[in-house]
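Dear colleague,

I am writing to hand over a structure for your study. Please look through the sequence and the model below before reading my notes.

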Amino acid sequence: MSSADRADAPIYDGLVEERGDVPADVRQTAEATLREVGRTLDFELQRFAARG
């Protein structure tokens, strides 16, 4: 939700104050997970290639 949208949604602001910015937290967790998976797969592919 953009800042312009939030200005029209005071309920959203209240929820963010109460519960935190869940969409932002989910986005950060997903990005961190993707980075970790990427590192793990790169490592596994390198190890597999070395055996081959």
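The notes below describe the fold, the surface and the confidence of the model.

Please bear in mind that this is a predicted model. The protein contains three helices and zero strands, and its order along the sequence is α-α-α.

As for the surface, the accessible area of the protein is about 4,700 Å². Carbon and sulfur atoms account for 58% of that area. Of the 52 residues, 6% are buried.

Helix 2 covers residues 10-19. This helix lies largely in the open, because the number of buried residues among its 10 is one. Just after helix 2 comes Gly20, which adopts a positive phi of about 90°.

The mean pLDDT of the protein is 82, and 85% of the residues score at least 70. Among the elements, helix 2 has the highest mean pLDDT, 90, whereas helix 1 (residues 3-7) has the lowest, 56. Where pLDDT is low, the predicted coordinates should not be read in detail.

Yours sincerely,
A colleague

Conventions:
Residues are numbered from 1 along each chain as its sequence is written. This is a predicted model: local features need pLDDT of at least 70, side-chain atom pairs count only at pLDDT 80 or more; totals for chains, interfaces and linings use all residues. Side-chain values use heavy atoms; hydrogens and water are left out. Buried means under 20% relative accessible area, exposed over 50%, partly exposed in between (1.4 Å probe, protein chains only). Helices (H or I, at least four residues) and strands (E, at least two) are DSSP runs, numbered from the N terminus. Accessible areas come from the Shrake-Rupley method with a 1.4 Å probe; for residues, only the protein chains shown count as cover. pLDDT is the predictor's confidence in each residue, from 0 to 100.
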